[in-house]
Amino acid sequence: MMDYEIKEVPMQSEIRTEEVETMNPATPTTRVFKFKIHNTGFLDSTSMIKFNLLKTATADAAHRLRVNCFNGILGAIRTATMSCGDFIICETHDCNQIATLRHLNKSQDQRNDFFGHYLGNSLQVEVASDRGADDATNGADRDKGQLRVTNNSGANFGTQNNAGNARLFSKSIVADKANSDVYAIPLYMLFPAIEGRQMPLFLFQDYPIILEVEFNEASKYINNIKRHPTYEALDTDVQISDCKLVVDYVLPPASVISKYVASTQKDGGYRFEYPKFSLVKKSLPATGGNRVEQEVEHRLGQENKEIHKVFQLKQYNAAKTTAMADKVLLSQRVDGSDTEEYNVEINGQDVYRDDIFNVASQYNELTECLGEPLKIPRAMYFNDCNSQLSHLATLGSGLNVQYKPLGCDLTNGTGAINGGGTIVQQGSPLIWKYKRTPSVAIANVCVDNTPAMTVNYHVMHSGLAVIKKLDVGTSVQVRQ
């Protein structure tokens with residue numbers, strides 16, 4: 001028998017893409033850009049911020065500039081803030097550091113060939129198979145096992161004697177906007193609130209959603225290979241032009257919107273749960289000499305917050321050198337001491353029975369935090385004495401041991417945003433216990449590990465926005 005009943009075909013979601021201009025007037029020196037997005041549909045995580053970089057008059061005709069090979073234009077973002085009315089939903093400081101660690105941790109092909117299309121990153125390295133001819137050409141550390149940048153990275157950084165013979169293989173940043181490249185950063189890299197999820201903008205009907213992005217100085221992420229020996233651009237060598245937001249609005253069927261609106265009328269309202277990051281800045285003073293033990297307890301606060309992960313990212317305060325790492329990574333590197341260990345105290349109890357001192361254990365703990373292994377050449381992380389002696393990571397002027405973040409996973413295994421972490425009780429601050437016993441510089445063995453360090457702690461915790469339907473309009477409360 002035939003069924004002649006007319007059946008409605010479920011409506012599919014539509015995607016509408018719009019370009020949003022900045023709210024604030026932009027000048028050649030502007031580094032902060034604000035955008036207001038419509039309270040329509042869902043904000044998709046594939047939305048992007050796009051812009052041009054233009055060469056200025058302080059860089060002459062012979063100067064060749066490009067974003068650094070390691071994380072490209074992602075190194076440009078200092079702070080990313082999403083606000084709703086008077087509430088800040090998420091605000092990520094030193095965004096270039098934590099976004100690179102979490103979102104560029106991909107295979108080399110995906111990192112360079114896919115993300116490089118948007119970000120301009122293209123770092124490729126090879127392990128030196130032969131001992132270098134001399135210190136001037138190959139640097140103070142010229143043994144086998146050193147990491148060297150290949151020409152496939154888009155730049156040749158020249159010899160270690162800084163003869164000024166570096167050159168670009170990729171397109172240089174130019175002054176003419178019509179001939180300049182457009183860079184783009186997906187918003188999920190900058191705003192954890194939309195990472196892996198869509199944000200229901202239509203529920204925030206009485207509150208404008210404002211996205212604010214602050215850029216770093218050009219010297220932190222752009223190479224000028226004619227400014228040897230550091231190959232670091234001046235802050236005035238580049239300006240940001242035509243910064244816009246490309247927003248993907250997902251427009252679902254009316255039935256989907258009705259379900260979300262109905263949830264705001266229930267007791268407790270609609271709960272928009274998301275992860276967010278807090279930055280705690282600390283420091284380590286220089287040690288007194290070779291193998292002098294230094295032990296500190298950094299109190300990170302975070303009381304009454306539900307903590308998921310803690311990342312420690314350090315940088316030496318020493319002046320920039322002619323070492324290859326300073327040229328290639330600029331201010332995007334993450335330094336580590338040759339001998340270091342740590343533990344984390346939460347609610348009066350140490351997370352680990354014994355301090356994490358073995359470099360392989362430190363790597364494994366970071367893997368737990370990231371949910372996958374850190375995908376960089378082994379020698380960029382491992383700096384233990386066994387690796388050095390076996391020439392897996394001989395320290396010196398290459399890229400060895402130039403990216404060594406530490407981490408602590410405090411999740412309970414459920415995978416939930418709210419309820420999946422560890423709550424820090426009132427009066428019992430989160431404490432990172434750190435110890436290092438650094439060595440001084442030894443020719444062809446290690447660099448100086450004793451200088452003072454700047455320490456950034458990126459603490460991932462739960463965020464919650466509660467939306468309730470009122471007789472007139474809606475109420476939004478953001479809880480930390």
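**Thr264**

I started with Thr264, which counts as buried because its relative accessibility is 3%; buried means under 20% relative accessible area, exposed over 50% and partly exposed in between, with a 1.4 Å probe and protein chains only. This is a predicted model, where local features need pLDDT of at least 70 and side-chain atom pairs count only at pLDDT 80 or more, while totals for chains, interfaces and linings use all residues. Residues are numbered from 1 along each chain as its sequence is written, and side-chain values use heavy atoms, with hydrogens and water left out.

I found Thr264 in the loop between helix H4 (254-263) and strand S17 (270-284). Helices (H or I, at least four residues) and strands (E, at least two) are DSSP runs, numbered from the N terminus.

What does the side chain of Thr264 have 2.5 Å from one of its polar atoms? I get the backbone oxygen of Val261. Leaving out residues up to four places away in sequence, Thr264 touches Leu203, Gly269, Tyr270, Ile467, Lys468 and Lys469; contact means heavy atoms within 4.5 Å.

**Aromatic pairs**

Next I went through the rings. Rings of Phe, Tyr and Trp (its six-membered ring) pair if their centres lie within 6.5 Å; planes under 30 degrees apart count as stacked, over 60 as edge-to-face and the rest as tilted. By this rule I have 15 aromatic pairs.

I looked up Phe51 and Tyr183, a tilted pair at 6.4 Å centre to centre with 35° between the planes. Phe51 sits in strand S4 (residues 48-55) and Tyr183 in strand S12 (residues 182-186), so the pair ties together parts that are 132 residues apart in sequence. Phe51 is buried at 0% relative accessibility, and Tyr183 is buried with a relative accessible area of 9%.

Then I took Tyr342 and Tyr352, an edge-to-face pair at 6.1 Å centre to centre and 85° between the planes. Tyr342 is in strand S20 and Tyr352 in the loop between S21 and helix H6 (359-370), ten residues apart. I noted Tyr342 as buried at 0% relative accessibility and Tyr352 as buried with a relative accessible area of 11%.

**Cores**

I then checked the nonpolar cores, which are sets of buried Ala, Val, Leu, Ile, Met, Phe, Trp, Tyr and Cys residues joined through side-chain atoms within 4.5 Å. The largest has 62 residues, and Leu53 and Met82 have the most contacts inside it. Strand S16 (residues 238-251) gives the largest share of this core, seven residues. A second, separate core has 56 residues, including Phe277, Phe311, Leu313 and Tyr352.

**A four-stranded sheet**

I traced an open sheet with strand order S18-S24-S20-S21 and antiparallel pairing; two strands pair if DSSP finds at least two bridges between them. Strands S18 (294-301) and S21 (349-350) are at the edges, each pairing on one side only. Strand S20 (residues 340-346) pairs with S21 over two bridges. I looked for the bridge partner of Ile346 in S21, and it is Gln349.

**Whole chain**

The chain has seven helices and 26 strands, and buried residues make up 55% of its 480 residues. Of the contacts between residues at least 6 apart in sequence, 75% join residues at least 24 apart.

Technical notes. A polar contact is a pair of N or O atoms within 3.5 Å; within protein, one must be able to donate a hydrogen and the other to accept it, and residues adjacent in sequence count only if both atoms are side-chain atoms.
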